[in-house]
Amino acid sequence: MRLLYFAWVRERIGKTEEHVDPPAGVGTVADLMAWLAKRDEQYAYAFENAKVIRAAIDHRHVRPDAAIAGAGEIAFFPPMTGG
Amino acid sequence: MTTTIRLQREAFDVAAEVERMTRGRTDVGAVVTFTGLCRANENGQPIAALTLEHYPGMAEAEIARHVEEASVRWPLMGVTVVHRYGRIEPGEVIVLVAAASSHREAAFAAASFLMDYLKTRAPFWKQVEAAGGTTWVEAKAIDNAAAERWSSPPPRREAAK
């Protein structure tokens, strides 16, 4: 699946996007964040306060317990400041 | 309902957008226009500019979903939302939300509703460019509280006496 990163999440990880293939046990958005956080210090830093990170699956806001199966695109970002 | 939703880098003409929304219509009795501008300060510090990052595709989709919700909640004849991204300097318009209806209650409520949701659910992120460097603006609790007030059903109106 395609992952997108925005704002300071993007800055901390050092990537705007990537493709990942998480293992079977990674079923929810929260699981995915925890799995990504283990990759290296940059990912750990980006996801150190998971409660603050928002996610969207295929352009729709989702909660941390949302299932990721079948997702085409998952985005992670800080709380929004538009308008 | 005449709907315009646009994201763009360039500055735009507010009056022209509003005129386009109501052109030719004689049933519109109320137009409420909100413009959000870049201030020259953030948290008491002077700033040189704001830079807005956004999520292309989702930003348009999310705005469209809320415009659709507004059209279900209130009798609207037109909605225009134009939101800039990229580098914006103090004094410049960042966002326009305009709503047209036959009477003012729907127009005021829809514009307010759309702005409260734009502040909290539209995927944009502001970065401040100031003397000390570049920092990300933090989301404000007051904006979340403003959006939440639309979650409960609107109060029942008393019949006119």
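Which strands of chain B does helix 3 of chain B lie across? Helix 3 lies across strand 2, strand 5 and strand 7 of chain B, and runs at about 150° to strand 7. Angles go from 0 to 180 degrees between N-to-C directions, with axes fitted to C-alpha atoms, for helices over the stretch in contact. Contact means that the C-beta atoms of two residues, placed from the backbone, lie within 7 Å.

Some housekeeping. This is a predicted model, in which local features need pLDDT of at least 70 and side-chain atom pairs count only at pLDDT 80 or more, while totals for chains, interfaces and linings use all residues. Residues are numbered from 1 along each chain as its sequence is written, and chains are lettered from A and ligands numbered from 1 in the order in which they are written. Helices (H or I, at least four residues) and strands (E, at least two) are DSSP runs, numbered from the N terminus.

On confidence: pLDDT is the predictor's confidence in each residue, from 0 to 100. Chain B has a mean pLDDT of 93, with 94% of its residues at 70 or more. For the complex, the predictor gives an ipTM of 0.95 and a pTM of 0.92.

Now the sheet in chain B. It is open, has 4 strands in the order 1-5-7-2, and its pairing is mixed. Two strands pair if DSSP finds at least two bridges between them. Strand 1 (2-8) and strand 2 (30-37) of chain B are the edges, each pairing on one side only. From one strand to the next, the twist averages 5°. Strand 2 and strand 7 (residues 93-101) of chain B run antiparallel, joined by 8 bridges. In strand 7, Ala98(B) is the bridge partner of Thr33(B). Helix 2 of chain B also packs on the sheet, touching strand 1 and strand 5 (78-84), and its direction makes about 155° with that of strand 1.

Next, where the chains meet. Chain B brings 21 residues to the contact and chain A brings 14. On the chain B side, helix 3 gives the most, with 5 residues.

Last, helix 2 of chain A (residues 29-37). Its buried residues are Val29(A), Leu32(A) and Leu36(A).

Note on methods: Buried ≥ 20, exposed ≤ 12 C-beta atoms within 10 Å, placed from the backbone.
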